[in-house]
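Subject: The structure we talked about

Hi there,

Here is the structure I promised to pass on, and my notes on it follow just below. Have a look at it before you read on.

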Amino acid sequence: MNPPPTVPDGRLDGWRLVEESTDTPFDVRLLRVVAHTAVYEDADLRETIRDRTGVDGRWRFFLASRVTLEPTPPGSAA
């Protein structure tokens with residue numbers, strides 16, 4: 001099984017990892033699809049809105065996913 005997705009450190013300034021998950025959205029006898037997802041939020045924006053309004057929530061986010069097929073199809077990079 002492949003590892004979760006990674007995001008280059010230079011792209012993470014001001015962002016915080018808030019959730020990681022692994023799901024199997026498709027699984028039949030011959031093929032299985034596994035999705036690893038990492039969700040990041042804008043930590044500074046969340047703090048600013050919370051401090052100014054008292055309302056806390058996830059206002060801006062991005063996610064990265066790695067989807068793998070098991071078994072790896074012939075001719076694919078592992």
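Please keep in mind that this is a predicted model. Its open sheet has three strands in the order 1-2-3, with antiparallel pairing. Strand 1 (15-27) and strand 3 (61-70) are at the edges with a single partner strand each, so one side of each has no neighbour in the sheet. From one strand to the next, the twist averages 15 degrees.

Strand 1 pairs with strand 2 (residues 32-42) over 10 bridges, in the antiparallel sense. Aspartate 23, for instance, sits opposite alanine 35 in strand 2. Lying across strand 1 and strand 2 is helix 1 (residues 43-53), which runs at about 50 degrees to strand 2.

Now to the rings: there are two aromatic pairs. Tryptophan 15 and phenylalanine 62 have ring centres 5.0 Å apart and planes at 80 degrees, so this pair is edge-to-face. Because tryptophan 15 is in strand 1 and phenylalanine 62 in strand 3, the pair ties together parts 47 residues apart in sequence. The other pair, tyrosine 40 with phenylalanine 62, is stacked, at 4.9 Å centre to centre and 10 degrees between the planes. Together, the ring pairs link Trp15, Tyr40 and Phe62 into a cluster.

How exposed are these rings? Tryptophan 15 is partly exposed at 22% relative accessibility, as is phenylalanine 62 at 23%, while tyrosine 40 counts as buried at 9%.

Happy browsing!

Terms used
Residues numbered from 1 in each chain as written. Predicted model: local features only at pLDDT ≥ 70, side-chain atom pairs only at ≥ 80, totals over all residues. Heavy atoms only, no water. Pairing = 2+ DSSP bridges. Helix = DSSP H or I, 4+ residues; strand = E, 2+ residues; numbered from the N terminus. Axes fitted to C-alpha atoms, helices over the stretch in contact; angles between N-to-C directions. Contact = heavy atoms within 4.5 Å. Phe/Tyr/Trp six-rings, centres within 6.5 Å; stacked < 30°, edge-to-face > 60°. Buried < 20%, exposed > 50% of the residue type's maximum accessible area, 1.4 Å probe, protein only.
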